[in-house]
Amino acid sequence: MTTAELTKWIKDQAREMGFDGCGISRAQRLNEEALRLEQWLALGRHGQMNYMADRGEMRTDPRMVMPEAESVISVLYNYYPSVKIMNPDTYAISKYAYGRDYHDVIREKLYALVDTIKQKIPDLQSRVCVDSAPILEKAWAARSGLGWIGKNSLLLTKKGSYFFLGEILVDQVLEYDEPMADLCGKCRQCIKACPTGAIVGPWELDATRCISYLTIELKDESIPDNLAGKYTDWIYGCDICQDACPYNRKATPHTEKAFEPRPALLEMTKDDWHNLTEEKYAALFKKSAVKRAKYAGLKRNIEFHKKQNG
């Protein structure tokens, strides 16, 4: 099997496993991204996400994660829901956290893809990454032609941005894809939509103002008072800049049962959230990404809105 045939076969297998896109790029240092990361950290825009400052060189060179790496296989997996939390008398949770924790779902699928590749290359050396290893996932997806980095710093495609990303580092030289052109043009809808001004300019995100950061990564006992009235109802994550993006008008619902919202979640009212017990929280979010905020963090987020509403 030639390099071209192997590359096509890997992409075909990825599509058969349900991935919505598969692109491949050469494993090498990301020089431009390394400079931007350094500048972003120097401005303190990572807030309490100290892990972003740790192993910085490793984040920008996958060969420091896996020395044998020759190629980065990047994949997309749709998570745009057909059923959304629409009740006006409830709080908002980011769509990516409706169902089972995506880390587990995507990781299982990537390991299955690795097992399939090993049918052709039994001695394959690989490493699966799903938002856990120090890998700049969006940069690799863009490098492999799966989309481009939008002005909100997320990966955009012609079908929107509601996709999980994952990577497999492999020790095989493959054919590499060309990056896509930036198709944002003069659009600034995501920048205009952000209620806290977290997108301080095109491709410039101040995470310390981002609602996702405030509701998940911020570990303080309370959310800063100066943000009172700036945003409403979001208690875990945020989809505002994504919903504002014109490309997400073309988003189509996923077909992954694991990502379907749990019935109990759809039925929650604000009163239910106000009275959320730790036992109810554990049952409602078993094997869920929401566990990242922990019970105390979620209650803090709820109390922030409850206080505003009197």
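Against which elements do the buried residues of H12 pack? The tour below ends at that helix and gives the answer there.

The model is predicted: local features need pLDDT of at least 70, side-chain atom pairs count only at pLDDT 80 or more, and totals for chains, interfaces and linings use all residues. Residues are numbered from 1 along each chain as its sequence is written, and side-chain values use heavy atoms, with hydrogens and water left out.

**The sheet**

Select S1, S2, S7 and S4. Helices (H or I, at least four residues) and strands (E, at least two) are DSSP runs, numbered from the N terminus. These four strands form an open sheet in the order S1-S2-S7-S4, with antiparallel pairing; two strands count as paired if DSSP finds at least two bridges between them. S1 and S4 (126-129) are the edge strands, each pairing on one side only. From one strand to the next, the twist averages 20°.

Next, follow the pairings across the sheet. S1 (residues 21-26) is joined to S2 by six bridges, and glycine 21 stands opposite leucine 76 in S2. Between S2 and S7 (residues 163-170) there are eight bridges; serine 74 has glutamate 167 of S7 as its bridge partner. Four bridges join S4 to S7, where serine 126 stands opposite valine 170.

H1 lies across S1 and S2, running at about 145° to S1. H4 lies across S2, S4 and S7, at about 35° to S7. Axes are lines fitted to C-alpha atoms, for helices over the stretch in contact, and angles run from 0 to 180 degrees between N-to-C directions.

**The nonpolar cores**

A nonpolar core is a set of buried Ala, Val, Leu, Ile, Met, Phe, Trp, Tyr and Cys residues joined through side-chain atoms within 4.5 Å. In the largest, of 53 residues, select Tyr236, Trp273 and Leu298, which touch the most other members. Elements that each supply at least two residues include H1 (3-16), S10 (234-236), H11 (278-284) and H12 (294-308). The largest share, seven residues, comes from H4 (102-120). A second, separate core of 24 residues includes Cys210, Ile211, Tyr213 and Tyr231.

**A buried loop residue**

Move to asparagine 248, in the loop between H8 (240-244) and H9 (263-266). This residue is buried, with a relative accessible area of 8%. Not counting residues up to four places away in sequence, asparagine 248 touches Lys159, Gly160, Ser161, Tyr162 and Gln242; contact means heavy atoms within 4.5 Å.

**Helix H12**

Finally, select H12. Its 15 residues reach 22 Å from first C-alpha to last, close to the 21 Å expected at 1.5 Å a residue; the expected span is 1.5 Å times one less than the number of residues. Among its buried residues are Tyr295, Leu298, Ile302 and Phe304. The buried residues of H12 pack against H7 (211-217), S10, H10 (270-274) and H11.

Note on methods:
Buried means under 20% relative accessible area, exposed over 50%, partly exposed in between (1.4 Å probe, protein chains only).
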